[in-house]
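Here are some notes to read beside the model. Please keep the sequence and the structure in view.

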Amino acid sequence: MSKDIMIEFEGSIDNIATLKDAVKTALTIEQQGHKFYLDKAGTSTGIAAKDLFKYLAAEESRHIEYLNDFLKTGHSSGFNEVAPPDFTQSFANEFTEKKPGELDVLMSALRFEKKNENFYKELAVWTHNSEEKEFFDMMSSFEHGHVELIDGFIDAASQFRMET
């Protein structure tokens, strides 16, 4: 099973005193996610999993840009999320009894994205500034999209396995 890269951030919302603390913590999390996904893209054997991890690494990179911009300006500038490609075409090749694919890594990625989503939700509740709340809510929604994407990938792979 892959290392859960969010473990060190459990409960970190309790240690956040300022917006700068919040954004710096979020930057650290996004940077770890970017590194994690790049590493998994480089070591994955399946095409769809490799493409998924490359996409998620690019998403984390965009989130780093958003956070840096927010830290500098104090408000959100244009968000430019990219719709994910269709990864389902490779399921039949990647998920078989002989080749289990990347499910353990995907489960770690799912936990990571869910924790990120919850972290941003907590930050949205933590702040009393409406623009900060809107920013953290938007970041949470991006993470939720990643949760749904990965969950769908896992579901499709599991359904394929059940049918074989």
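1. Glu59 counts as buried, at 1% relative accessibility (buried means under 20% relative accessible area, exposed over 50%, partly exposed in between, with a 1.4 Å probe and protein chains only). Arg62, at 16% relative accessibility, is buried too.

2. Glu59 and Arg62 form a salt bridge, their closest N and O atoms being 2.5 Å apart (a side-chain nitrogen of Lys or Arg within 4 Å of a carboxyl oxygen of Asp or Glu). Both lie in helix α2, three residues apart, about one turn of the helix (helices are DSSP runs of H or I with at least four residues, numbered from the N terminus).

3. This is a predicted model: local features need pLDDT of at least 70, side-chain atom pairs count only at pLDDT 80 or more, and totals for chains, interfaces and linings use all residues. Residues are numbered from 1 along each chain as its sequence is written, and side-chain values use heavy atoms, leaving out hydrogens and water.

4. The structure holds five salt bridges. One of them joins Glu117 and Lys114 (3.2 Å, N to O); Glu117 is buried at 3%, whereas Lys114 is partly exposed at 34%. Lys121 is linked with Lys114 and Glu117 in a network of salt bridges.

5. The largest nonpolar core has 41 residues (a set of buried Ala, Val, Leu, Ile, Met, Phe, Trp, Tyr and Cys residues joined through side-chain atoms within 4.5 Å). Helices α1, α2, α4 and α5 each supply at least two residues of this core, and its largest share, eleven residues, comes from α2.
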